[in-house]
2 protein chains.
Amino acid sequence: MPAMPPANAQDAAEFYAVIPAGGAGTRLWPLSRSGTPKFLHDLTGAGRSLLQSTVDRLAAVADDSHVLVVTGARHVRAVREQLPALADTNVLAEPSPRDSMAAIGLAAAVLQERHGDVVLGSFAADQVITSTPSFVAAVREGIEAARAGYVTTIGIAASRPSIAFGYVRSGELLDIAGAPSVRQVLGFTEKPDAETARRYLETGEYRWNAGMFITRTSVLLDHLAREHPDLHAGLVTVARAWDTPERDTVVANVWPTLERIAIDHAIAEPVAAAGGVAMVPGNFGWDDVGDFNSLAALLPAVDGAGSKVLGDQDRVVRLASAGSVIVPAGGRTVAVLGLDDVVVVDTPDAVLVTTRARAQELKSVVDAVRDRGLDDLL
Amino acid sequence: MPAMPPANAQDAAEFYAVIPAGGAGTRLWPLSRSGTPKFLHDLTGAGRSLLQSTVDRLAAVADDSHVLVVTGARHVRAVREQLPALADTNVLAEPSPRDSMAAIGLAAAVLQERHGDVVLGSFAADQVITSTPSFVAAVREGIEAARAGYVTTIGIAASRPSIAFGYVRSGELLDIAGAPSVRQVLGFTEKPDAETARRYLETGEYRWNAGMFITRTSVLLDHLAREHPDLHAGLVTVARAWDTPERDTVVANVWPTLERIAIDHAIAEPVAAAGGVAMVPGNFGWDDVGDFNSLAALLPAVDGAGSKVLGDQDRVVRLASAGSVIVPAGGRTVAVLGLDDVVVVDTPDAVLVTTRARAQELKSVVDAVRDRGLDDLL
């Protein structure tokens, strides 16, 4: 059963979108760097960064005054530049990364301080979604389920037995007004092995967990208070000081003491076990653009040989090359002769040459670059 | 029989080295460009360009006052910068390329005007030779054969049945004083097919023709006057004006009319048929560095996997990659993951990614770059 909404909550509690903007995107090096991580990049050729696209697709349910970005202190300037319509108070700077529960919990506590009990929807800044209308429809159902007291997630149709994603298992329909397709969640699973993933798909009960959560702030904070009382107390202390002159002092004292834990482990799994999590089945294409191979899948082919280019096609010369993925992001011409399924990423200070099959292993290159002491490239 | 030396020739006629510095090195693009062709590059990591190395290795037989470089007008500045010890008069500028007979014939005619009958040795500026003492020993024998009236070439030991080079076929020893290993040349051949090349090697009579010729200027010009009288007349006219105020006018009038022909066809083949060509067998390693695969063969391996780097090894990160050839000439870090025998050439405005097996086909890339209108990259 869901947590009961507090007595003072309105059925039509306002909706705020929270966008955690973090993660280095190591497997997209050298395009993605610690200083300019994945979410700041246009990875689809749409002319908008992943962060901007995330805000764009939420516009129908959350205008700029209802969007909160939580990001690392070093990225605040870039986030504001990319989202000039956002008020400064709508960009929350984490002094250091403390994992997703602290980031989303901070947003929940600050929203609760500022607006009382509202509905919060958390959507990572570095994902690609192909149908905004379907996404918005799912979010609207999720908001209704959240208003009814559920921690609600959006389950992504698993188009293949991926071992790169966690899964969410759904049960019965919940019969929530305005949320006809929302189902009970029976549980979450970690990334499975290939055999398990195949079994999941056969049952028809499993969807990918994209880490999207929609919940009342009061519900989230109550769950957190029960499951992780110290983390809850710390976040509430920080949130109370956030819009006061004491913010810096309190943050400096409290933030480094906060428990590092993902929201999946902190809230989603225990609350699901208690029957308090619901799921909207999302009917939209989704990808987390984890590496250059999945990036390639999102881009249209530029020739009959399945070649993909992210950037200016006039800067790419391909001969006897099929299925290549070329990213001319260094202002140079990139010429490829006689290699299939090759990945070439050109940036102003580093060039990567690998294969689509090796795209998942890029962390080894990043580690080697670090071992070489070339930290300015990371 | 060789042409008889003119009556006024001294046995100890002075030796001058002529270095034709031309050729774009298309198959070394994007390192080699029309504006900075192959001979201006250090392709061995020695710290000296191929042109500088060519002059260096001739030092024992030709000091700076005895070296003449013939190059395109647009490369004169770069040649002088790389060879500051050369007098301006020792760099001959061709207003346009008219093939090797015009280039070497001009040098011969100018030398004859300036110094009377001397011995001229022509050595291309874009070749790599691994043993200078052996090379110098061969040149010294060649000078003696030239003094005796022969057009003399240096034959390179054919270490494999290459189809990329022409061959020279040798006959009996000639018994020339100071040139004990010099043999009669029976003929020259064009680049053979693979089967023919194999047969050549089996006979033991064939060596690679590296295009090196050593001859008296008078002998060369006499042969030219007989075989190509118009070309001879034009070159003599230009040479007479060369060191006078009329040079520009005469060059402008005459040069564009000169026949375009290689010295091999113009002189070497007909004179060999008449018995006037001799060959010194060279006992040194030689390569014309025609493409990145032959470049790789010249470089030492930088790891146990046969990887080669031309440039700063600290700028190269290799993982799961054997036999790769990396040229980090763009000031960037180059990372390669999971590709064997790959060629990556990074320059400030173009990046090439290909394979060692495709290195010979690079002209197709250059053609594609030209078709794309990116002429500033060529």
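This is a predicted model: local features need pLDDT of at least 70, side-chain atom pairs count only at pLDDT 80 or more; totals for chains, interfaces and linings use all residues.
Student: Why is the link of A:R33 and A:D349 called a salt bridge?
Tutor: Their side chains meet at 2.6 Å, N to O. The rule asks for a side-chain nitrogen of Lys or Arg within 4 Å of a carboxyl oxygen of Asp or Glu, so the pair qualifies. The count between domain 1 and domain 2 of chain A is one salt bridge.

Student: What makes strand 17 of chain A and strand 15 of chain B a pair?
Tutor: Four bridges join them in the parallel sense. Pairing needs at least two bridges, so the two strands count as paired. In strand 15 of chain B, B:A335 is the bridge partner of A:L352.

Student: How many residues of chain A are in contact with chain B?
Tutor: 37 residues of chain A are in contact with 37 residues of chain B. Chain A and chain B bury about 2800 Å² between them, 66% of it on carbon and sulfur atoms.

Student: What polar links does the rule find between chain A and chain B?
Tutor: There are 18 residue pairs in polar contact, both at pLDDT 80 or more.

Definitions and conventions:
Residues are numbered from 1 along each chain as its sequence is written. Chains are lettered from A and ligands numbered from 1 in the order in which they are written. Side-chain values use heavy atoms; hydrogens and water are left out. Contact means heavy atoms within 4.5 Å. Buried area is the accessible area (1.4 Å probe) that two parts lose on being put together, summed over both. A polar contact is a pair of N or O atoms within 3.5 Å; within protein, one must be able to donate a hydrogen and the other to accept it, and residues adjacent in sequence count only if both atoms are side-chain atoms.
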